[in-house]
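Visitor: Hi! I'm new to this one, could you show me around?
Guide: Happy to, let's have a look together.

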Amino acid sequence: ALPSADDRQHILLYEAAEGGAGVLRRLVEDAATVPAIARLALEIVHFDSDSGRDRRHPRGAREDCEAACYDCLLSYFNQRDHRLLDRQLLPDLLRAWTQATVRTSPAPVPRDNHLLRLLNLCQPELERTWIRKLDQAGLRLPTDAQRLVEGCRVRPDFLYQEDGVAIFIDGPPHDTPEQRAKDEQQTDALEDQGFTVIRFGHGEDWELILERYPTLFGKPAVPTNQSTATPSHDELDPDDFAAEWRVIVERLVSVHGVAVEPGNEVIEDGRVLDLDLATVRKGDIVLRLVDDGRLTADSVADALARQGHRVVRVSATETDVVKRILSAFEE
Ligand SMILES: [Zn+2]
């Protein structure tokens with residue numbers, strides 16, 4: 001049933017950027033994302049994301065925030081719900097989410113139910129082994145197994161319906177020339193229907209197959225029990241930064257104890273203003289860098305400051321920019 005104002009049992013997430021920026025995909029594919037969001041959400045509602053301590057008010061503000069304020073949950077757009085909003089209801093849930101593992105299901109039933117259905121549908125042990133392997137690695141499960149593709153009378157072992165991908169796992173009988181000819185016919189028929197066919201044998205290296213199609217199978221889940229919110233030097237991907245910033249970012253992370261993560265969306269009143277340049281941490285201190293060269297620099301810097309962040313505006317052409325950023329930790 002669809003949720004109503006009186007019975008809100010679902011959460012619908014959508015991307016504010018037109019056409020989407022791949023945020024939702026990251027949410028389900030990158031195991032570190034939900035814990036990171038939960039930590040950020042705790043900070044937004046004035047709780048320390050490490051200790052869970054209630055800071056009681058926005059950073060830099062003197063007045064306490066009891067249930068909600070315009071620095072955390074209130075906005076012009078949720079006025080009708082202001083009486084319902086209470087930040088004190090959040091810490092238990094959000095702290096659980098900081099340890100959460102995301103498990104996605106390709107069907108409108110929980111992953112375990114879908115998995116059971118797939119296992120029941122596939123007959124040879126070979127196919128069941130493949131499905132279990134996907135599940136245990138936290139990878140994307142197919143939408144269907146042994147389903148007849150209309151129009152070409154072929155029943156692939158597995159289907160990824162929305163991706164238009166059919167999967168065949170060939171057991172030992174497929175090694176005969178007759179069977180190979182039949183396999184080729186099936187592949188042709190499916191390709192004529194617009195499917196991509198992935199076929200591999202029982203004896204092949206399945207790890208390699210998984211690595212070859214990361215957009216289809218997803219990336220293997222990483223353990224989420226370590227603190228994923230503090231990026232380390234190793235995790236820094238220079239591609240996350242515009243060319244003029246890469247050297248600067250690399251010099252920053254080479255400083256002992258400094259961690260840099262790429263820009264985040266800066267949101268105000270439910271609208272994405274732009275990305276900031278980076279988040280730089282040293283000990284407990286977190287700085288948000290805003291690229292002065294961008295047209296949105298003023299609004300992004302102002303919004304971040306209003307949200308209680310320590311903002312440093314920087315320009316890539318500035319000499320000693322690294323030194324200035326580091327000195328901002330001492331202020
Ligand atoms: Zn508040």
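Visitor: Which residues coordinate the zinc ion?
Guide: In this predicted model, the zinc ion is coordinated by His-46 through NE2 and by Cys-65, Cys-69 and Cys-72 through their SG atoms, at 2.1 to 2.3 Å.

Visitor: And what are the angles among the four donor atoms?
Guide: They run from 105 to 113°, and the site is tetrahedral. For comparison, the ideal angle for four tetrahedral donors is 109.5 degrees.

Visitor: What spacing do the donors follow along the chain?
Guide: The pattern is H-x18-C-x3-C-x2-C. His-46 and Cys-65 both lie in the loop between helix 2 (33–44) and helix 3 (91–97), so this pair ties together parts that are 19 residues apart in sequence.

Visitor: Is that His-46 buried or exposed?
Guide: His-46 is buried, at a relative accessible area of 3%. Cys-65 is buried too, at 2%.

Visitor: Changing topic, how many aromatic pairs are there?
Guide: The count is seven. One of them is Tyr-76 with Phe-77: the ring centres are 5.5 Å apart and the planes stand at 80°, so the pair is edge-to-face. Tyr-76 is exposed, with a relative accessible area of 57%, and Phe-77 is exposed at 62%.

Visitor: What about Phe-200 and Trp-206?
Guide: Those two form an edge-to-face pair, 6.0 Å centre to centre with 75° between the planes. Both are buried. They also belong to one aromatic cluster with Trp-130, Tyr-160, Tyr-213 and Phe-217.

Visitor: Last one: where does the charged end of Arg-199 sit?
Guide: Over the ring of Phe-168, 4.4 Å from its centre.

Key: Residues are numbered from 1 along each chain as its sequence is written. This is a predicted model: local features need pLDDT of at least 70, side-chain atom pairs count only at pLDDT 80 or more; totals for chains, interfaces and linings use all residues. Side-chain values use heavy atoms; hydrogens and water are left out. Donors are N, O and S atoms within 2.8 Å of the metal (3.2 Å for Na, K and Ca); water is not among the atoms, so sites may look incomplete. Four donors count as tetrahedral if all angles lie between 85 and 135 degrees; four count as square planar and six as octahedral if opposite donors are over 155 degrees apart and all others between 65 and 115; anything else is irregular. Helices (H or I, at least four residues) and strands (E, at least two) are DSSP runs, numbered from the N terminus. Buried means under 20% relative accessible area, exposed over 50%, partly exposed in between (1.4 Å probe, protein chains only). Rings of Phe, Tyr and Trp (its six-membered ring) pair if their centres lie within 6.5 Å; planes under 30 degrees apart count as stacked, over 60 as edge-to-face and the rest as tilted. A charge sits over a ring if NZ of Lys or CZ of Arg is within 6 Å of the ring centre and within 35 degrees of the ring normal.
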